[in-house]
Amino acid sequence: MAHASQRSYFANVFIMFQSLLITGLALLLAWKGFAITGQFLAVLAGNIGFQALICWDGLRRYQHVFSAIKDHKAQIPI
């Protein structure tokens, strides 16, 4: 939704945050001796963080989304 509303700078900042989070966690977990499991966990945490930020931004900006889903009269039959 950030790209669709011409605010791709938000997506770029979130991707930068994801990259820094993955790199930092990967280095920390490698230093702690978690090997490939730590690398996987770092990528998983980075992706979860990115998705959480994108969802937060979308829900913050489009708060009426859930009310439109629940309003059956406003939906157009296909």
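The dialogue below goes through a predicted model feature by feature.

Biologist: How many helices and strands does the protein have?

Modeller: Helices (H or I, at least four residues) and strands (E, at least two) are DSSP runs, numbered from the N terminus. Here there are three helices and zero strands, and the order from the N terminus is α-α-α. Helix H1 covers residues 8–31, and helix H2 covers residues 35–61.

Biologist: What share of the residues counts as buried?

Modeller: Buried means under 20% relative accessible area, exposed over 50%, and partly exposed in between (1.4 Å probe, protein chains only). Of the 78 residues, 19% count as buried. The areas themselves come from the Shrake-Rupley method with a 1.4 Å probe, and for residues only the protein chains shown count as cover. The accessible surface of the protein comes to about 6,200 Å², with 71% of it belonging to carbon and sulfur atoms.

Biologist: Which residues does Gln18 touch?

Modeller: Contact means heavy atoms within 4.5 Å. Gln18, in helix H1, touches Gly46, Asn47 and Phe50, leaving aside residues up to four places away in sequence. Gln18 counts as buried because its relative accessibility is 13%. Across the protein, among contacts between residues at least 6 apart in sequence, 57% join residues at least 24 apart.

Biologist: How far apart in space are Ile48 and Gln18?

Modeller: Their C-alpha atoms are 8.8 Å apart, although 30 residues separate them in sequence. Ile48 lies in helix H2 and is exposed, because its relative accessible area is 53%. Another such pair is Leu28 and Gly38, which are 10 residues apart in sequence and 8.6 Å apart in space, C-alpha to C-alpha. Leu28 belongs to helix H1 and, at 41% relative accessibility, is partly exposed.

Biologist: Which residues make the nonpolar surface patch?

Modeller: Patches are made of residues with over 30% relative accessible area and no salt bridge; like charges are joined within 9 Å, and nonpolar side chains (Val, Leu, Ile, Met, Phe, Trp, Tyr) within 5 Å. In this model Phe40, Leu41, Leu44 and Ile48 form a nonpolar patch of about 390 Å². Leu44, in helix H2, is partly exposed at 38% relative accessibility.

Biologist: Which side chains meet in a salt bridge?

Modeller: Side chains of opposite charge can pair when their charged atoms come close. The criterion is a side-chain nitrogen of Lys or Arg within 4 Å of a carboxyl oxygen of Asp or Glu. A search of the whole structure finds one salt bridge, and Arg60 and Asp57 meet in it at 2.8 Å, N to O. Asp57 is buried at 2% relative accessibility, whereas Arg60 is partly exposed at 39%.

Biologist: Where does the charged end of Arg60 sit?

Modeller: A charge sits over a ring if NZ of Lys or CZ of Arg is within 6 Å of the ring centre and within 35 degrees of the ring normal. The charged end of Arg60 sits over the ring of Trp56, 4.8 Å from its centre.

Biologist: What is the phi of Ala35?

Modeller: Most residues other than glycine have a negative phi. Ala35 is not a glycine, yet has a positive phi of about 55°. Ala35 is found in helix H2 and is exposed, with a relative accessible area of 51%.

Note on methods: Residues are numbered from 1 along each chain as its sequence is written. This is a predicted model: local features need pLDDT of at least 70, side-chain atom pairs count only at pLDDT 80 or more; totals for chains, interfaces and linings use all residues. Side-chain values use heavy atoms; hydrogens and water are left out.
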